[in-house]
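Please look at the model below and work through the questions that follow it.

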Amino acid sequence: MADPLRLVFLGCGYITQVHSTHLRAAGLSVARAYASRDKTKADAYCRRFGGVAAYSDYAQAIADPRTDAVVVAVPPKFHLDLTRQALAAGKHVLVEKPAFPRLEDYEQAVAARDRAGRVVLVGENDHYKPLAVTLRRLLAEGAIGEMVFAQFTTIAKKLKKADDWRNDESMAGGDAFFEEGIHWLHLAGSLGPRIVDVEGYLPSPSRSGADARVKSMMVAFRYDNDAVGSLYYSREIPSLLRGLRLSKLYGRKGVITFESNGAFVLVRGNGSPQLLFPGVRDIRGYQAMYRDFVSAIQQTRQPEMSLERAIEDHRLMDRIYGRPVPAL
């Protein structure tokens, strides 16, 4: 039997808890290890999640010849440096999203990946979640015919504490929409039709309170099939039941209504309405994401959520914020 893949988490914050929980549930042959600048934290994570090793710094973890791959789970400001270090050492990389603050950072990562001949997956778990898979299937099957409108809503009051690193845009790479809303932008653009034109609209921002970020954004876009859509994102507006949100896809033969987090999908088209439950076991897609990562390493291929796919999302982000975007 082959030895398990040895995966080291660089960073022991909240997101590493999320990854570790789902990775353990995925049942993959992966040995987990943890690295932190605070060794006591790495030790604690190692005990909690059944790890095989703990490291007192990231360089030590990367340099260990037993390390096969790393998960870059620190603030975006540090992603590129750690990704390049890991690739230079011959390690595969899963880097949390948003992977990098600038388009040129992605280009450097692509060059480093190609030199190393290793796998790099950008941690866009929403790409893999059952809701996204179900919506892609329904649109491909023509469940609502030719799409006309797409409307995505992700509104909730989830404020950060004053000492949260996301309050520092130099650490996070940008405001709340850049740091977290990019997952929803990817969902909107990954359903089959691709977004080709996009604009962002900021409401009057409020920076009062402990969470000083800009926390709301409305995005309007056009798909390559000429359907048009909108994305309403906010982390300062109360939502029903503290998180229930409804989104819709409108077609010329019907409408798909879905709970934005993936709890259910209602299809009204030809025939009787269908109420679908995409699945709660891996509702956020982390387990499927890790299966793709391990499979890509074993098969010597790039994963579905490659750097190139993440670059498409980042180019849209640049246009939303009015930054110059080089032509393809």
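A salt bridge is taken here as a side-chain nitrogen of Lys or Arg within 4 Å of a carboxyl oxygen of Asp or Glu. The model is predicted, so local features need pLDDT of at least 70 and side-chain atom pairs count only at pLDDT 80 or more, while totals for chains, interfaces and linings use all residues. Residues are numbered from 1 along each chain as its sequence is written, and side-chain values use heavy atoms, with hydrogens and water left out.

Q: How many salt bridges does the structure hold?
A: Side chains of opposite charge can pair when their charged atoms come close. By the cut-off of 4 Å between nitrogen and carboxyl oxygen, the number of salt bridges that the structure holds is 22.

Q: What is the N to O distance in the salt bridge of D43 and K39?
A: D43 and K39 are 4 residues apart in helix α2 (residues 39–48), and therefore about one helical turn separates them; helices (H or I, at least four residues) and strands (E, at least two) are DSSP runs, numbered from the N terminus. D43 is partly exposed at 24% relative accessibility, and K39 is partly exposed at 33%, where buried means under 20% relative accessible area, exposed over 50% and partly exposed in between (1.4 Å probe, protein chains only). Their side chains meet with an N to O distance of 2.9 Å.

Q: Which residue forms a salt bridge with K97?
A: The closest N and O atoms of this pair are 3.2 Å apart. K97 lies in the loop between β5 and α5 and its partner in the loop between β6 and α6 (130–140), so the pair ties together parts that are 27 residues apart in sequence.

Q: Which side chain of opposite charge is nearest to R6?
A: R6 lies in strand β1 and is buried, yet has no salt bridge; for charge, Lys and Arg count as positive and Asp and Glu as negative, while His and the chain ends are not counted. Leaving aside neighbours within four places in sequence, the contacts of R6 (heavy atoms within 4.5 Å) include A31, Y55 and R66. The nearest side chain of opposite charge, 4.5 Å away, is that of D64.

Q: What arc around the axis do the buried residues of α4 cover?
A: The buried residues of helix α4 (residues 79–88) are H79, L80, L82, T83, A86 and L87. They lie on the same side of α4, because the arc they cover, taken from the directions from the helix axis to the C-beta atoms, is only 170°.

Q: Which residue just after α4 takes a positive phi?
A: The buried residues of α4 pack against elements including β1 (5–10), β5 (92–96) and α5 (103–116). Just after this helix, a positive phi of about 85° is taken by G90.
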